[in-house]
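Welcome! Please take a moment to look over the sequence and turn the model around, and then we will walk through it together.

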Amino acid sequence: MKLQRVYTDTSVIGGCFDAEFAPWSNALIRNFQFGRFGLVLSDVVALEVVGAPEVVREKYAELLTYEPEILATSQEALELATRYQARNILTPKYATDGLHIALATVAGVDVLVSWNFRHIVHFDKIRLFNAVNLEAGYKPISIHSPPEVATEPEQTDEEA
């Protein structure tokens, strides 16, 4: 069976240190560690982590040891992100959120995972992102929160 490629945005990494999100963020990280999913990151995540607290930077460094696929920002992804703004899905202030989605879309990942319910994991916005993706000749992208993707937190890795 083909390993599912999962683009993980910065909110999931930071979620490892938030009481509400930690069980599921850490469960997803364990899924990457044990090879249940293929981890996909990007240069955008790397830039966002630079200004994050030290524990988040350390968690990111740990993720790099899992040999993730790292997407580089391309002109193609920038153009797709610009289309999202032109359709008023996101304002310029949240352009980076659109760039995460565009990078994952252009790379053809299987799923993008985020805790950003306002701009990314939002039913109406997902439909709009995918409408633009289809108009631009891309496949729709599956966007979910960690609980929808990860093995349950209390499940051991042997049970997965």
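Leaving aside residues up to four places away in sequence, L112 touches Y7, H100, I101, A104, I120, I141, S142, I143 and H144; a contact here means heavy atoms within 4.5 Å. Before going further, please note that this is a predicted model, in which local features need pLDDT of at least 70, side-chain atom pairs count only at pLDDT 80 or more, and totals for chains, interfaces and linings use all residues. Residues are numbered from 1 along each chain as its sequence is written, and side-chain values use heavy atoms, with hydrogens and water left out.

The largest nonpolar core has 48 residues, and Y7, L28, Y84, I101, L112 and I143 touch the most other members. Such a core is a set of buried Ala, Val, Leu, Ile, Met, Phe, Trp, Tyr and Cys residues joined through side-chain atoms within 4.5 Å. Which helix gives this core its largest share? That is helix α6 (residues 95-107), with five residues. The word buried stands for under 20% relative accessible area, while exposed stands for over 50% and partly exposed for what lies in between (1.4 Å probe, protein chains only).

Now step back to the whole chain. Its secondary structure consists of seven helices and five strands, where helices (H or I, at least four residues) and strands (E, at least two) are DSSP runs numbered from the N terminus. Along its principal axes, the C-alpha trace spans about 45 × 35 × 25 Å.

What share of the 160 residues is buried? Buried residues make up 45% of them. Among contacts between residues at least 6 apart in sequence, 75% join residues at least 24 apart. The accessible surface comes to about 8200 Å², and 54% of it belongs to carbon and sulfur atoms; such areas come from the Shrake-Rupley method with a 1.4 Å probe, and for residues only the protein chains shown count as cover.

Next, look for aromatic rings. A pair of aromatic rings is described by the distance of the centres and the angle of the planes. Rings of Phe, Tyr and Trp (its six-membered ring) pair if their centres lie within 6.5 Å; planes under 30 degrees apart count as stacked, over 60 as edge-to-face and the rest as tilted. By this rule there are four aromatic pairs. In one of them, the ring centres of Y84 and F129 are 4.9 Å apart and the planes meet at 70°, so the pair is edge-to-face. Y84 belongs to helix α5 (residues 75-86) and F129 to helix α7 (residues 123-135), so this pair ties together parts that are 45 residues apart in sequence. Y84 is buried, at 0% relative accessibility, and F129 is buried with a relative accessible area of 0%.

W115 and F117 form another edge-to-face pair, with 6.0 Å from centre to centre and 70° between the planes. Here W115 is buried at 10% relative accessibility, whereas F117 is partly exposed at 39%. Ring pairs link F21, W115 and F117 into a cluster.

Finally, turn to the charged side chains. The model has five salt bridges, each being a side-chain nitrogen of Lys or Arg within 4 Å of a carboxyl oxygen of Asp or Glu. K2 and D110 form one of them (3.2 Å, N to O). This pair links distant parts of the chain, 108 residues apart: K2 is in the segment before β1 (5-8), and D110 is in the loop between α6 and β4 (111-113). K2 is exposed, with a relative accessible area of 55%, while D110 is partly exposed at 21%.

Another salt bridge joins R87 and E135, whose closest N and O atoms are 2.5 Å apart. R87 lies in the loop between α5 and α6 and E135 in helix α7, so the pair ties together parts that are 48 residues apart in sequence.
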